[in-house]
Amino acid sequence: MAPLPGAELVQRPLQLYRYLLRCCRQLPTKGIQEHYKHAVRQSFRVHSDEDNPERIQQIIKRAIEDADWILNKYRKQN
């Protein structure tokens with residue numbers, strides 16, 4: 001399955017943060033949503049001091065791939 005619409009437009013960390021929180025809304029239960037929202041917030045804080053543009057793009061690409069994997073995982077369970 002393809003990522004949520006707008007994934008291809010994500011270029012900056014704040015855009016990624018918003019995108020990932022929107023992905024969390026697609027998850028089936030409130031508990032799962034809150035778990036991943038917490039993980040997104042923590043990861044954003046951990047990487048907030050990153051200033052290498054190449055590394056930032058790697059993080060963005062990987063985060064979108066991971067979000068897509070998680071969404072597919074929960075879609076297949078239902």
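Author: Happy to! Let's begin at Leu 20, which is in contact with Val 40, Ala 63 and Ala 67 once its neighbours within four places in sequence are set aside. Please keep in mind that this is a predicted model.

Now widen the view to the core. The largest nonpolar core has 19 residues, and Leu 20 is among the four that touch the most other members, along with Leu 16, Tyr 19 and Ile 64. Three helices, H1 (13–24), H2 and H3 (53–77), each supply at least two residues of this core. H3 gives the most, with eight residues. As a general background, nonpolar side chains tend to be buried together in soluble globular proteins.

H3 deserves a walk of its own. For its length, the 25 residues of H3 should span 36 Å at 1.5 Å a residue, and the end C-alpha atoms lie 37 Å apart, which agrees. At the start of this helix, a side-chain oxygen of Asn 52 comes to within 2.9 Å of the backbone nitrogen of Glu 54.

Next, the aromatic rings. Searching the whole structure turns up two aromatic pairs. In one, Tyr 17 and Phe 44 are tilted, at 4.7 Å centre to centre with 40° between the planes. This pair links distant parts of the chain, since Tyr 17 sits in helix H1 and Phe 44 in helix H2, 27 residues apart. Phe 44 has a relative accessible area of 34%, so it counts as partly exposed.

The other pair, Tyr 36 and Tyr 74, is edge-to-face, with 6.3 Å centre to centre and 75° between the planes. Here too distant parts of the chain are linked: Tyr 36 belongs to helix H2 and Tyr 74 to helix H3, 38 residues apart. Tyr 36 is buried, because its relative accessible area of 18% is under the 20% cut-off. Tyr 74 counts as buried as well, at 13% relative accessibility.

One last stop is Gln 33, in helix H2 (residues 30–46). Gln 33 is buried, with a relative accessible area of 13%. Beyond residues up to four places away in sequence, Gln 33 touches Cys 24, Arg 25 and Leu 27.

Notes: Residues numbered from 1 in each chain as written. Predicted model: local features only at pLDDT ≥ 70, side-chain atom pairs only at ≥ 80, totals over all residues. Heavy atoms only, no water. Helix = DSSP H or I, 4+ residues; strand = E, 2+ residues; numbered from the N terminus. Buried < 20%, exposed > 50% of the residue type's maximum accessible area, 1.4 Å probe, protein only. Contact = heavy atoms within 4.5 Å. Core = buried A, V, L, I, M, F, W, Y, C linked by side-chain atoms within 4.5 Å. Phe/Tyr/Trp six-rings, centres within 6.5 Å; stacked < 30°, edge-to-face > 60°. Expected span 1.5 Å × (residues − 1). Polar contact = N/O pair within 3.5 Å; in protein donor to acceptor, adjacent residues only side chain to side chain.
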